[in-house]
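Here are my notes for someone opening this structure for the first time. Have it on screen while you read, and take the points in order.

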Amino acid sequence: MRGPGKWTPRQTRQAWGGGGLSHSGLCMPHWRLHTELMAESPITARSQDFAAWYQDVVLQGDMAEPAEIVKGCMVIKANGYAVWEVLQRELDQRFKATNHQNLYFPLLIPESFLKKEAEHVEGFSPELAVVTVAGGKTLEEPYVIRPTSETIIGHFFAKWIQSWRDLPLLCNQWANVVRWELRTRMFLRTTEFLWQEGHTAHSTHEEAVEESLRMLDVYAEVSEDVMAMPVIKGVKTRAEKFAGALRSYSIEAMMQNGLALQAGTSHDLGQNFGKAFDVKFQNKEGQLDYVWQTSWGVSTRLIGGLIMTHSDDKGLVLPPKLAPVKSVLVPIYRKEEEKGPVLEAAHRIAKEVGAKVDDREGQSPGAKFFHWERRGVPVVLELGPRDLASGKIVLKRRDTGTKEPVDQTAIAGKLAEALADMQTGLFTRAKERMKANTVLANSIGEVEEILKNATAEKGGGKFVMAHIKDDPAVDARMKEFKATIRNIPLVDEFDGPGKCIVTGETVPHRAVIAKSY
RNA sequence: CGGGGCGUAGCGCAGCCUGGUAGCGCACCUGCCUUGGGCGCAGGGGGUCGGGCGUUCGAAUCGCCCCGCCCCGACCA
């Protein structure tokens with residue numbers, strides 16, 4: 001049954017106005033002309049429809065699929081979850097290295113808890129899912145399904161903290177959260193998503209600020225060094241900060257269409273939740289004081305950012321450090337007598353270099369190449385009778401598409417080299433793209449001029465760097481061009497102080513204005 | 001939540017206007033043959049036509065209601 005809710009190429013095609021007519025025949029790469037009817041469907045070109053391309057890559061890369069029976073939710077498939085597991089490992093070891101411990105709090109939070117911090121409840125109430133009936137009875141007090149856990153953690157922190165000796169308290173939890181979203185996109189925004197949320201309590205504000213910046217650095221490091229995704233660290237404006245925080249920091253990445261993606265956030269919560277949940281400690285002077293808290297999180301959204309940073313019209317591209325399978329060896333043989341020696345050599349070499357052998361029967365090598373290509377495997381090795389005779393093996397890179405015959409004796413080194421080169425190459429390319437699409441503006445008119453045509457279809461979005469005041473009224477003006485102030489960078493890479501393009505007041509340096517996901 | 005589009009086999013679609021009990025390609029299964037970028041041939045399995053109600057001798061097809069998904073906008077990691 002076709003069933004409700006398949007995100008099909010046909011539907012996306014119609015959405016961008018092609019009516020499903022003949023776009024497939026017109027501007028496809030030539031190899032698609034005779035492969036239209038293949039099981040693994042073609043991928044919409046980025047230049048045609050970026051949103052459709054993204055969806056195709058997720059689906060064809062077997063990363064996830066819509067859970068059509070649950071509104072706004074998705075199934076993260078084995079391929080996608082494996083990437084999440086690598087991310088979890090990379091993040092978790094850095095959390096541990098900075099003395100955090102993992103624990104776990106309940107999914108359900110008493111509704112009254114949310115209401116204890118005024119700004120917090122106001123920020124989250126539109127997106128709460130609430131449990132009102134359980135065990136066949138209407139509950140006296142409804143539970144909300146956690147949209148984040150500051151409140152319930154505040155409650156327990158109050159029980160656990162008495163003295164300055166209990167501080168700092170450094171916690172993290174890996175969890176799912178639910179935020180009722182009006183519009184969803186796989187990985188980027190779904191009703192339920194996976195994340196980690198760090199929660200810490202400190203005896204001084206300085207220490208809390210230090211902590212929130214430390215974890216922002218951890219996020220930036222994982223983004224750039226592991227995911228090869230360049231980011232801008234900065235402060236969120238008051239209008240954009242987390243509901244209940246004193247100050248929020250973010251890392252912002254630029255997708256291939258020039259739109260910004262908030263890839264991680266870290267919050268200085270001040271004493272707001274301490275006061276709301278009565279989290280007090282006795283300091284060294286014997287005085288009672290409220291704790292200073294932080295919270296910080298990254299989610300499965302990172303995977304969406306990863307896809308929109310590196311993937312191409314052939315499908316997924318995974319940076320080697322994140323790829324669950326770094327290389328696949330495709331054995332090629334024509335005659336029965338070739339099969340034995342080829343497979344023997346294939347397994348020997350694969351074992352030596354840690355590659356996976358695709359020895360499925362009944363699939364042609366060509367089909368296997370396409371299969372692994374769209375799943376983002378960094379390197380595919382090809383080994384056939386010709387290579388056996390010459391002592392070579394063919395190494396093909398996913399990022400550049402280059403094919404190179406390599407001496408079998410040198411393959412381990414060459415493979416490692418190719419993977420390392422791909423990792424840095426992907427980062428460099430993304431970084432250069434970000435630079436190329438970052439422009440300065442010195443008046444609100446210029447900002448408008450730049451952003452009004454800034455969509456993927458019209459040549460790509462931009463990061464507009466402008467002097468602009470951190471004032472909600474100023475943020476509101478950005479709505480005129482469907483943009484937001486993404487953040488105020490921690491490090492100024494431009495020209496220092498200048499006059500705000502809206503109010504004329506002097507501000508320390510330029511901020512990032514962009515359209516975003 | 002407003003505007004637009006769509007829902008027929010696992011996937012992509014035809015059939016609907018002009019009602020007569022469902023078809024094509026790919027995928028899947030079996031066998032042979034092939035294998036350096038999506039091989040070929042032969043045979044085969046698979047569908048409560050998104051759901052409900054109605055009109056009719058008869059509904060995928062006509063009418064009403066509902067549900068879901070995609071796209072575009074307002075809110076958000």
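Which residues is asparagine 437 in contact with, leaving aside its neighbours within four places in sequence?

A word on the ground rules: this is a predicted model, where local features need pLDDT of at least 70, side-chain atom pairs count only at pLDDT 80 or more, and totals for chains, interfaces and linings use all residues. Residues are numbered from 1 along each chain as its sequence is written, chains are lettered from A and ligands numbered from 1 in the order in which they are written, and side-chain values use heavy atoms, with hydrogens and water left out.

1. **Asparagine 437.** The partners asked about above are Met254, Gly461, Lys462 and Phe463, where contact means heavy atoms within 4.5 Å. You'll find asparagine 437 in the loop between α14 and β20 (438-440). Helices (H or I, at least four residues) and strands (E, at least two) are DSSP runs, numbered from the N terminus. Buried means under 20% relative accessible area, exposed over 50%, and partly exposed in between, using a 1.4 Å probe and protein chains only.

2. **The largest nonpolar core.** A nonpolar core here is a set of buried Ala, Val, Leu, Ile, Met, Phe, Trp, Tyr and Cys residues joined through side-chain atoms within 4.5 Å. The largest one has 49 residues, and Phe187 and Ile307 touch the most other members. Two or more residues each come from α3 (50-60), α4, α8, β9 (231-235), β10 (247-254), β11 (260-270), β14 (292-299) and α10 (301-310). The top contributor is α8, with 7 residues. Domain 1 (9-76) and domain 2 (91-310) both supply residues, so this core lies between them; the domain bounds come from an automatic or database domain assignment.

3. **Phe187 up close.** Setting aside residues up to four places away in sequence, phenylalanine 187 touches Tyr54, Val58, Met63, Ala64, Met74, Ile76, Thr300, Arg301, Ile303, Gly304 and Ile307. There's also a second, separate core of 23 residues, with Phe124, Ile153, Ala201 and Ala245 among them.

4. **Helix α10.** How many of the residues of α10 are buried? The count is 10 of its 10, running through Arg301, Leu302, Ile303, Gly304, Gly305, Leu306, Ile307, Met308, Thr309 and His310. Their cover includes α3, α4, β10, β11, β14 and α14 (411-436).

5. **Helix α3 and what follows.** α3 is mostly covered too, with 9 of its 11 residues buried; among them are Trp53, Tyr54 and Val58. Just after α3, aspartate 62 takes a positive phi of about 60 degrees. Aspartate 62 sits in the loop between α3 and β1 (64-66) and, at 22% relative accessibility, counts as partly exposed.

6. Most residues other than glycine have a negative phi, and most peptide bonds are trans. Aspartate 278 has a positive phi of about 55 degrees although it is not a glycine. Its place is the loop between α9 (272-276) and β12 (280-282), and at 41% relative accessibility it counts as partly exposed. Leucine 167 and proline 168 are joined by a cis peptide bond, with omega about -5 degrees. Look for proline 168 in the loop between α7 (150-160) and β7 (169-178).

7. **α4 against α8.** Helix α4 (residues 78-97) and helix α8 (residues 205-226) pack at about 145 degrees, with their axes 11 Å apart. Axes are lines fitted to C-alpha atoms, for helices over the stretch in contact, and angles run from 0 to 180 degrees between N-to-C directions. From α4 come Leu87, Glu90, Leu91, Arg94 and Phe95; they meet Met215, Val218, Tyr219, Glu221, Val222 and Val226 in α8. These residues divide into 8 nonpolar, no polar and 3 charged.

8. **Two arginines.** Is arginine 397 buried or exposed? Arginine 397 counts as buried, at 12% relative accessibility. It lies in strand β18 (residues 392-397) and, leaving aside its neighbours within four places in sequence, is in contact with Pro378, Val379, Thr402, Ala418, Asp421 and Met422. Arginine 183, by contrast, counts as exposed at 60% relative accessibility, and lies in the loop between β7 and β8 (192-202).

Conventions
Nonpolar A, V, L, I, M, F, W, Y, C, P; charged D, E, K, R; others polar.
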